[in-house]
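Trainee: I have a new structure open and would like to go through it with you. Can we take it piece by piece?

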Amino acid sequence: MAYRVVVVGGGAAGMQTAIELKSRGIEPIIVERDIELGGKARGWYKLFPTFTHAREVIGPLAQQVKDMHIRCFYGQEVTQIAPDGVTLRSEERIPADAVVVATGFTLFDAHRKQEYGYGLYDNVITSVDLERMMIGGRVTLADGSEPKRIAILHCVGSRDEKVGQKHCSKVCCITGVKQAIELKEMYPTADVFNFYMDIRMFGPGYEELYREAQERYNVHFVRGRISEAAETINKRIQIKAEDTLTGRPLRMTVDMLVLLVGMSANYDNVKLAASAGLALAPNGYFKARDAFLGVVRSEREGIFFAGTATAPKSLADTLAEASLTASAVDAYLKEKFNIE
Amino acid sequence: MRNVVFGYGISRPRAIDMDNNDLRKSRDIIAEMPELQACIGCGSCTASCTAGNLTDFNFRKLHTAVRRGEYKGVYAELSKCMLCGKCRLVCPRGINTRGLVMLIKRKLGDF
Amino acid sequence: MSRRASWQEYQKDIAADRYYYARSCIRQNFFPGSEWAFLDILSNRLGIDIYDDPLHTSCTGIGYHSDVVPLETIMTVVARQFSLMAEAGYENFVSSCITSFGIYNEVLATWEEFPETEERTRRYLREATGRELVKPRSIAHTSDIIFYQREAIARKAKHRLINRHTGEPLRVVEHIGCHYAKIFPKSGIGGSEFPYVLAGMIEAWGGDVVDYPERRHCCGFGFRNYLVQANRGSSIANSHKKLESMAPYKPDFIVANCPGCAMFLDKWQYTIAEMDGMAYGADGKGIPVLTYEEMAGLVLGYDPWQLGMQFHQVDVEPLLDKLGVEYDPGAKYLGADGKYIGKPADAAINCPSQRPIYERRK
């Protein structure tokens, strides 16, 4: 009989972990809160740095889960985690030989940065709203017209102690570069300004894409955080920042302001961690056992992590880590049950 | 209008005004030298600058300001450059900074 | 309102009755009618107990913010006000001034964070006055109280903020003093980015709130920035920026909850007209600037001259006409005893004969 592993979360991390487990002869069960697999990537249009369609990554993974006959629970929320299984909100218990926490992250709620007027001003949108528009095939202002001047603000809900988000969300810089290029391709005569604090191009091909955005697409990069956005009488957005490289305040009016929202830890991490006797990192993410040799292991034997449950990660890093998780689970089960 | 002597006036804002600045010359300069946009503000041009070590000449700030449409005084300021070419040697983005000095002067004229 | 629901995240407990009133230095001089109106509305219209104590002093905030009053001194002065309140048998402190309101909150927070400063202040107060410090149960700004009573006032309203010539709601710019909620967002109704304290009154009384780009910007008073003549250029530049930003919305009037802001937004309009030739408002008559008590008073049917509106730089008569307020034009410059008290010289902003000179800029 195959050993059974419950994978909490059916996003990219959960799917990849389950696929890898299944191919090792282990029986994974995915418990997904939503009504379908795919997680946050389902709301994404194209992926940095290659402009691959997100559905070309998520689609095959979901198909593979189906083809491998991996059991999935949909619309089910896990309320308690233990090394020997999980408990659902319905109080149903799913026993298992190990558990993988692949619960992902929560998008930072841009309403909380009140100074940008998200939700109040029609032409202040988030990076997620922009992806949704791109999936829909047309990016316009609220009145349906074409934007001529766009500002993209980095670090909304990242590196900001005022909203309890001390960490860097890692992927927003490159997302900002990617979205700036997509906007320039749609509207070549539009001016796109990225307001950044630091540009963190940590992945392969990212720095190259940044340079391409600057040189080939003529995207303007201004180092400084927008301090305030306000709507003008004709529904444009007036912004204030410091151009820190010239040491002077800068103000301008744009047609559209895109807020690059960061990654927050899930609010229910607190309860899940408490149920499992696990510690959380100060930023609310699950704490890995070791930063080098135990990145997918929790402090309790039998509970593992995959993906952004432990920290902001790119989709590529998440997929790579999920394979590592499957191999760590496999090793654990072999040792525990003394299999040759 | 009566002339009231107040002893002060309405201070002019210091902010770079991207709505009213004339960006045409800035666009011209960028169009002729697109790699200028690739500047990452590292400051190595200013650090190595012969003139900048003797005066408050700051090439990084100057060309950033020009890109924002701030031209006032730039021509005169650029005359401090000795065209030694060290900045071009150190620029990690490969920007032809020495050529840029001449390009900006040519485009702006004695603004 | 609708979308601006974020104000509901920032609410504070405001005592319903039995207030101890702390006056404002500026307002007693420039808007004495407003403080009178506040006391009259509460005591005589709403039946609320409010005590106007002749023993209390300036909070010394202007001196403090201008670097002439040390922190220890202002803390001791604040402690004295609180102990006076306790002696009078009250525990809900209500400040008429935004600067003071900020200072009371800041001092209380400092005592909380650094208990040794509270101990020191207790000692100073005892040594200087023989009094014991008793901390208040609640602190509110007077605009909080009017906000709290806005529905009660609406029920007694004689006028609504509606242009009686057009039937349209009046367009009202609200200006919130910086120290109301920028120091402690939780201390203000609606927080610091979208304060609701004045907007709530305007909506309750039928007006439309104008949200213009520089709404959150400081009026520029800044204490030192105004008090030193050489710095006044930066002070006026801030009001100028706000007036320029609100002008396209053609506001019918401005309402402010800070003594300094109401004064400067009003009087700078004259200065700007003299310096720059720019006169705001319809026909270059300026945009009237009201205190929230004046706004409440007009809604309740008070006489504008009793409210002290003749003290304004920008004439309020066009606004009174829009509201349908009855007033005696000839009584504007009569004193309480009915005698003529003299009239200010004509000034650019409100002198009809000079108006054509100040055409709006192209």
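Trainee: How does α1(A) pass α2(A), in a left-handed or a right-handed crossing?

Mentor: The crossing of α1(A) past α2(A) is left-handed. A crossing is called left-handed if the near helix is turned anticlockwise from the far one by less than a right angle, and right-handed if clockwise. This is a predicted model: local features need pLDDT of at least 70, side-chain atom pairs count only at pLDDT 80 or more, and totals for chains, interfaces and linings use all residues. Residues are numbered from 1 along each chain as its sequence is written, and chains are lettered from A and ligands numbered from 1 in the order in which they are written.

Trainee: Which residues make that contact between α1(A) and α2(A)?

Mentor: From α1(A) come A:Ala12, A:Met15, A:Gln16, A:Ala18 and A:Ile19, and from α2(A) come A:Ile58, A:Leu61, A:Ala62, A:Gln64 and A:Val65. Two residues are in contact if their C-beta atoms, placed from the backbone, lie within 7 Å. Helices (H or I, at least four residues) and strands (E, at least two) are DSSP runs, numbered from the N terminus.

Trainee: And by class, what does the contact of α1(A) with α2(A) have?

Mentor: Eight nonpolar, two polar and no charged residues. Ala, Val, Leu, Ile, Met, Phe, Trp, Tyr, Cys and Pro count as nonpolar, Asp, Glu, Lys and Arg as charged, and the others, Gly among them, as polar.

Trainee: Over to chain C. At what angle do α4 and α5 of chain C pack?

Mentor: Helix α4 (residues 71-87) and helix α5 (residues 98-113) of chain C pack at about 100°, with their axes 10 Å apart. Axes are lines fitted to C-alpha atoms, for helices over the stretch in contact, and angles run from 0 to 180 degrees between N-to-C directions. α4(C) and α5(C) are therefore roughly perpendicular. Angles under 35 degrees count as roughly parallel, over 145 as roughly antiparallel, 65 to 115 as roughly perpendicular and the rest as oblique.

Trainee: Which residues of α4(C) and α5(C) make the contact?

Mentor: C:Ile74, C:Met75 and C:Val78 of α4(C), with C:Ile103, C:Tyr104 and C:Val107 of α5(C). The residues of this contact are six nonpolar, no polar and no charged.

Trainee: Now the strands. In what order do the four strands of the open sheet come?

Mentor: The order is β15(A)-β16(A)-β17(A)-β1(B), with mixed pairing. Two strands pair if DSSP finds at least two bridges between them. The edge strands, β15 of chain A and β1 of chain B, each pair on one side only.

Trainee: How many bridges join β17 of chain A to β1(B)?

Mentor: Two, and the strands run parallel; β17 covers residues 248-254 of chain A. A:Leu250 stands opposite B:Ile16, and A:Arg251 has B:Asp17 as its bridge partner.

Trainee: How many residues of chain B are in contact with chain A?

Mentor: 17 residues of chain B, against 14 residues of chain A. On the chain B side, β1 (16-17) and α3 (59-67) each supply at least two residues. α3(B) gives the most, with four residues. By class, that side has seven nonpolar, three polar and seven charged residues.
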